[in-house]
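Q: I am new to this structure and would like to understand the words used for it. Could you take me through them with examples?

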Amino acid sequence: EEDMYRDAEEIEREKILLCETSSSEYKLSVSPEMDIMEYCRKEWRGNTPAAKRMRKGYEAVAQKFASIRRVRGDNYCALRATLFQALSQATQLPSWLQSEDFAMLPENLLSKYDWIKQWQLKQKLGRKMGDISDEIKEYLILLRKKWKNISEIKGPIEKQEACDKLFKNEEEEYSLYEALKFLMLNTAIELYNDDKNGRRVPVFSWLLFARDTSSNPCQLMHNHLNHIGHSGGLEQVEMFLLAYALQYTIQVFRLYKYSTDEFITLYPNDPEEDWPVVTLITEDDRHYNIPVRMCQETML
């Protein structure tokens, strides 16, 4: 498969790096933090135009953040990076997680849309039809429980330790991603119905349903959401959907877009003022890492 952003030399270098790195490190969902410029020097040593652009991009990010944490690069990485950042800085339970009927969401949606029975859960392909509602309900309850527990931890070190522990528990971690995907489906259904009923919807919603592969929520589920974590990650327009589902602004430093207007991209680009902000880094819009330790002058 052709790589649009890196030349052969850089791809080969990455393969060597992967071989050199111990397999245990790659089991970590979110690696320990390291100095952001040290990471950049290690990753982008070449003199290609792409490598020079990446170094400039990392230098710009280093004006605001001191360190980086590498996120495991599977097809869940956008969900993983976003959720990790949201939980790391959570101080309260979001209002949408507090609603009484939150846990009833799968049951309510399945009563209206029979096609949701074809939702594909990770590594559970042999299940009987009809038990999907209870399973997703469990995932949603787990999401609320973990978010509540972590948001109530006052000390930043203890909060970070709780996040690290959660993202080392593979079973719980992947259950949370299923919950996020289902919330994305629910948001897509709401937006689709709002548009059909003449209500105002954000521009990304038109783009989401303008694709041949997702002209309605059923197609979106079959052709996109069911594949996230299995055979594909989040596309650009689905980053907007994730932001709306969580009611968070996702700010992304897109390093390959350095020196353009798209270097810092917001999802959504017209965020609600009261939405919290999480920040991610990407080199190619496919894999996301996490910047940490905001520099003091930026905080002031």
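Q: What makes Arg293 part of a strand, and how do you know whether it is buried or exposed?
A: The relative accessible area of Arg293 is 55%, so it is called exposed; the word means over 50%, while buried means under 20% and partly exposed is in between (1.4 Å probe, protein chains only). This is a predicted model, in which local features need pLDDT of at least 70, side-chain atom pairs count only at pLDDT 80 or more, and totals for chains, interfaces and linings use all residues. Residues are numbered from 1 along each chain as its sequence is written, and side-chain values use heavy atoms, with hydrogens and water left out.

Q: Why is Gln247 called partly exposed?
A: With a relative accessible area of 31%, Gln247 falls in the partly exposed class.

Q: What makes the peptide bond between Tyr267 and Pro268 cis?
A: Its omega is about -5 degrees. Most peptide bonds are trans. Pro268 is in the loop between strand S4 (264-267) and S5.

Q: Which residues are closest to the centre of the second largest pocket, and what makes a residue part of its lining?
A: The second largest pocket holds about 710 Å³ of space. Among its 21 lining residues, Ser88, Gln160, Val292, Arg293 and Met294 are the closest to the centre. On a 1 Å grid over the protein atoms alone, a pocket is an open set of points where a 1.4 Å probe fits, with protein on both sides within 12 Å along at least five of seven lines, and lining residues have an atom within 4 Å of a point. Grid points are joined across faces, edges and corners, and the volume is the space filled by probe spheres set on the points. H8 gives the largest share of this lining, six residues.

Q: How do you know that the length of H3 fits a helix of 14 residues?
A: Helix H3 (residues 49-62) should span 20 Å at 1.5 Å a residue, and its end C-alpha atoms are 20 Å apart, so the two agree. The expected span is 1.5 Å times one less than the number of residues.

Q: Why are the buried residues of H3 said to be on the same side?
A: The buried residues are Ala50, Ala51, Met54, Gly57, Tyr58 and Val61. They cover an arc of only 120 degrees around the axis, so they are on the same side of H3; the arc is that of the directions from the helix axis to the C-beta atoms. Tyr58 has a relative accessible area of 0%, so it is buried.

Q: What makes Ser214 buried, and what does its side chain reach?
A: Ser214 has 0% relative accessibility, so it counts as buried. Its side chain reaches the backbone oxygen of Leu208 at 2.5 Å.

Terms used. Helix = DSSP H or I, 4+ residues; strand = E, 2+ residues; numbered from the N terminus. Polar contact = N/O pair within 3.5 Å; in protein donor to acceptor, adjacent residues only side chain to side chain.
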